[in-house]
Number of protein chains: 2
Amino acid sequence: MAKKVSIKDIAAAAGVSATTVSIVLNGRAREMKISESMALKVEKLAEKMQYRPNHFAKGLRTGKTNTIGLIVDDISNYFFGHLAKVVEEEADKKGYTVMFCSSENNEGKSRNILNMLVDKHMDGYIIAPTTFMLPELEKLIDEKRPTVLIDRYFPDLNSNYVTVDNFNGSLEAVNHLASKGNRKIALVTNDTDQLQMKQRIDGYMEGLKKNGLVFEKSMVKKIPFGWPEQKQVKELAQFFNKQKADFDAVFFTSNNLGVAGLEAFSNLGISVPEKVSVICFDDNDLFRLGKPGITVMSQPIKQMAKKAVEVLVRQIEQSGTEASHIILPTQIIERESVR
Amino acid sequence: MAKKVSIKDIAAAAGVSATTVSIVLNGRAREMKISESMALKVEKLAEKMQYRPNHFAKGLRTGKTNTIGLIVDDISNYFFGHLAKVVEEEADKKGYTVMFCSSENNEGKSRNILNMLVDKHMDGYIIAPTTFMLPELEKLIDEKRPTVLIDRYFPDLNSNYVTVDNFNGSLEAVNHLASKGNRKIALVTNDTDQLQMKQRIDGYMEGLKKNGLVFEKSMVKKIPFGWPEQKQVKELAQFFNKQKADFDAVFFTSNNLGVAGLEAFSNLGISVPEKVSVICFDDNDLFRLGKPGITVMSQPIKQMAKKAVEVLVRQIEQSGTEASHIILPTQIIERESVR
DNA sequence: CTGAAAGCGCTTACAG
DNA sequence: CTGAAAGCGCTTACAG
């Protein structure tokens, strides 16, 4: 490794103490009434000597890292990938870098990564929480560490969160399907306790009710989280095949499920929208550009990410603000999959 | 914040010195001949008191962070998102977390983020480099910081890298097109100095030559990096429209370009593969599941990521190994877009 | 087998 | 206006 320039080296070069250098370099020269000329001299020297403050020493004293921890289910997922991108962009604008982990919706990993991030002293956390994380999350909030939950939250946990109106979005999706004359609307969702999924299911139920359609348990398929895609496709193909005669539309509660579902339809030779209407919560390239285009209930991903960073940074920089609960509206994008 | 348990607290509780605690907790008890019973006592106590080592103090002494820095163009891109996912998985298995940044192929950001990561003392770096980064990269290598380049590299820079055989992959793509009788093969690529793109272009040229096709400059369209998708679509639509009569196939050198291209075709009412054959470097969900399925030259993303982490961790943990140059083969996946 | 002491590079009262 | 000193929490020679 190269010779590291420390504050002492600058102090020596400038003929002042380390204290003075530290003050100047932290922009407190005016405040501490360091002479203009001295301050300038130190700054010039720091630049010339290519001084870079030692992150550890600084952190050890101040606890600050200018780093945000981001936990998502899976960074390769369209939704989370795009979320992460905007989080990173916005964070960067405000001088933070982001460290990310995928929880993979897995208990062991969920609990671990949060501890790891805490050990590394993130200044704040943006988390798409799994239910497994609740104890760690409670501790986090308890210790007043800046945190914002994203995509879902825990009603009993007094934390910031940014989500989407899952209930009404799903309700609208069902309304849309019903308005086109679909009567037998199947639901494909994940087998999970996560709130956003529960809300989407509730919205579906309410949608059926509002449209005078009866709910049938056999019309609902729940896929466990984290299954490899091909396994999902198989399972869905089986489900669709059995139910074949019995439904005219399917509402998918996530974009991953929708992709698997379309693959299953394709394998079974069931054509969309001729044989079955499809609507999906959340968008992606396939839905947008595939043939037929898939009608979706889209989420304002960019806005979610922006808001999350904004709320988080506010909390980091002026602690003690009240919890923000931000619920953004979804928007239907009609394409060709509903008949 | 909660009361932080330090090594001193444990030392006090155990009635030994901090030195002993440090030794035990670093698993060097045997080596230092600490008595079994003492070691056990300290370990138990550390656990009971929920001791977590202070990352800064440790880093300040040892320089180790157990963190890998990952720089990609854009985390929301299918290729990089999937790459990042596997990098994170593999890193996690080996006890590292990953900090990521998107370079956005932008000069200012490119140079900045690398410095930021270095300031935060990553143990190693996995980088899809932009040409702007070359000076910083040279410094990195000079200082012997563990680094592996991914997706592309600099021939004159003596670093580890993991890529794909871009030249032969592209050559094969053109061969495939030609073997089906396509004679006028257009190329859509990015306007960039990056090596992987150059290699793909070279592969295309060689492919034309090998198949006795003449190269025409007017058949090549270069799109600047980082344009918003809709701008790309417009530009491509214009290009395709002008060239309409004049080409029977298009080779896209990246999956992003392919997506924009398909959208342009769709807007123009040019049907694939009836009017034009399409082949694309790199895969995604749209290509795989859209109608028609797009024939692609796929990259072994998972393997690339695994290799990168493997090489990097090896270098971190036993410095001074020789530079690894890993070039993985691509594989054609035939679907329905080539006629 | 175990401990006292120095030091990693900062920042921050405190003093003058 | 500026400096000497302590201390953040570790690890590592050195000593016994």
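This is a predicted model: local features need pLDDT of at least 70, side-chain atom pairs count only at pLDDT 80 or more; totals for chains, interfaces and linings use all residues.

Colleague: Which element gives the most to the surface near DNA strand C?

Modeller: Residues are numbered from 1 along each chain as its sequence is written, while chains are lettered from A and ligands numbered from 1 in the order in which they are written. The elements giving two or more residues to this surface are α2 (18-25) and α4 (55-62) of chain A, plus α2 (18-25) and α4 (55-62) of chain B; helices (H or I, at least four residues) and strands (E, at least two) are DSSP runs, numbered from the N terminus. With five residues, the top contributor is α4(A).

Colleague: Which residues come nearest to DNA strand C?

Modeller: A residue is near a strand if its C-beta atom, placed from the backbone, lies within 6 Å of it. Of the 26 residues around DNA strand C, the nearest are Ile7(A), Ser22(A), Asn54(A), Ala57(A) and Ser17(B).

Colleague: And on DNA strand D, which element supplies the largest share of the surface?

Modeller: Around DNA strand D there are 26 residues, with Ser17(A), Ile7(B), Ser22(B), Asn54(B) and Ala57(B) coming nearest. Both α2 and α4 from chain A and from chain B give two or more residues there. The largest share, five residues, belongs to α4(B).

Colleague: How far apart are the C-alpha centres of domain 1 and domain 3 of chain A?

Modeller: Chain A is divided into domain 1 (7-53), domain 2 (65-164 + 302-329) and domain 3 (166-300), with bounds from an automatic or database domain assignment. Between domain 1 and domain 3 of chain A, the C-alpha centres are separated by 62 Å.

Colleague: Which element gives the largest share of the side of chain B that touches chain A?

Modeller: The contact takes 37 residues from each of chain A and chain B, where two residues are in contact if their C-beta atoms, placed from the backbone, lie within 7 Å. Elements of chain B supplying at least two residues include α4, α5 (78-93), β2 (97-102) and α6 (107-119). The largest share, six residues, comes from β2(B).

Colleague: What is the bridge partner of Val98(A) in β2(B)?

Modeller: Strand β2 (residues 97-102) of chain A pairs with β2(B) in the antiparallel sense over three bridges; two strands pair if DSSP finds at least two bridges between them. Within β2(B), the partner of Val98(A) is Phe100(B).

Colleague: What angle does helix α8 of chain A make with β9(A)?

Modeller: In chain A, an open sheet of six strands with mixed pairing runs in the order β7-β6-β8-β9-β10-β12. Its edge strands are β7 (220-224) and β12 (331-333) of chain A. Helix α8 (residues 166-179) of chain A packs on the sheet, with β6, β8, β9 (277-281), β10 (295-298) and β12 of chain A touched. Axes are lines fitted to C-alpha atoms, for helices over the stretch in contact, and angles run from 0 to 180 degrees between N-to-C directions; for α8(A) and β9(A) the value is about 170 degrees.
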